[in-house]
Amino acid sequence: MSANKGWWVPPEGEDSVSEKFLRKTRESPLVPIGLGGCLVVAAYRIYRLKARGPTKMSIHLIHTRVAAQACAVGAIMLGAVYTMYRDYTKRTAQNAGDK
């Protein structure tokens, strides 16, 4: 019984996973930044787990989750503000060109 070793290779004309990830990163660069922020905060808080002092474990984990979510929401908000600004500047440039 031989296993199909090429099951992960994309069909012709489709991007590989790494190419698709790079393309999506170029389209919206704040998504990987938000994800990286979440991972950094979570890793730091897990590293500092032993030094939490008298704080309960559940409270420490809740604070970790809130800090990681703040990074993700912050990246989303920055992306939304940047998109609104970019659309606004395009619209004002088009209106200036029409007049």
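Visitor: What makes C71 partly exposed?
Guide: This is a predicted model, and in it C71 has 27% relative accessibility. Buried means under 20% and exposed means over 50%, so C71 lands in between and counts as partly exposed.

Visitor: And why is C38 called buried?
Guide: C38 comes out at 18% relative accessibility. The cut-off for buried is under 20%, so C38 counts as buried.

Visitor: How do you know whether C38 is bonded to C71 or too far for a bond?
Guide: Check the sulfurs. The closest cysteine sulfur to that of C38 is in C71, 5.8 Å away. A disulfide needs the two sulfur atoms within 2.5 Å, so this pair is too far for a bond. A search of the whole structure turns up zero disulfides.

Visitor: Why does H60 count as buried?
Guide: H60 has 6% relative accessibility, and the limit is under 20%, so buried is the label. H60 sits in helix α3. Beyond its neighbours within four places in sequence, H60 is in contact with R45, R48, L49, R52 and T55.

Visitor: Which other residues of α3 are buried, and what do they pack against?
Guide: Besides H60, the buried ones include T64, A68, A75 and G79. The buried residues of α3 pack against α2, residues 30–47.

Visitor: What span does α3 reach, and what is expected?
Guide: Helix α3 runs over residues 57–98, 42 residues in total. From first C-alpha to last it reaches 61 Å, close to the 62 Å expected at 1.5 Å a residue.

Visitor: Where does the UniProt record put "transmembrane region"?
Guide: The unreviewed UniProt entry gives that annotation to residues 30–47 and 67–85. In the model, residues 30–47 are 100% helix, and residues 67–85 are 100% helix too.

How values were computed:
Residues are numbered from 1 along each chain as its sequence is written. This is a predicted model: local features need pLDDT of at least 70, side-chain atom pairs count only at pLDDT 80 or more; totals for chains, interfaces and linings use all residues. Side-chain values use heavy atoms; hydrogens and water are left out. UniProt positions are given in the numbering used here, feature names are shortened, and annotations may be inferred rather than shown by experiment. Helices (H or I, at least four residues) and strands (E, at least two) are DSSP runs, numbered from the N terminus. The expected span of a helix is 1.5 Å times one less than its number of residues. Buried means under 20% relative accessible area, exposed over 50%, partly exposed in between (1.4 Å probe, protein chains only). Contact means heavy atoms within 4.5 Å.
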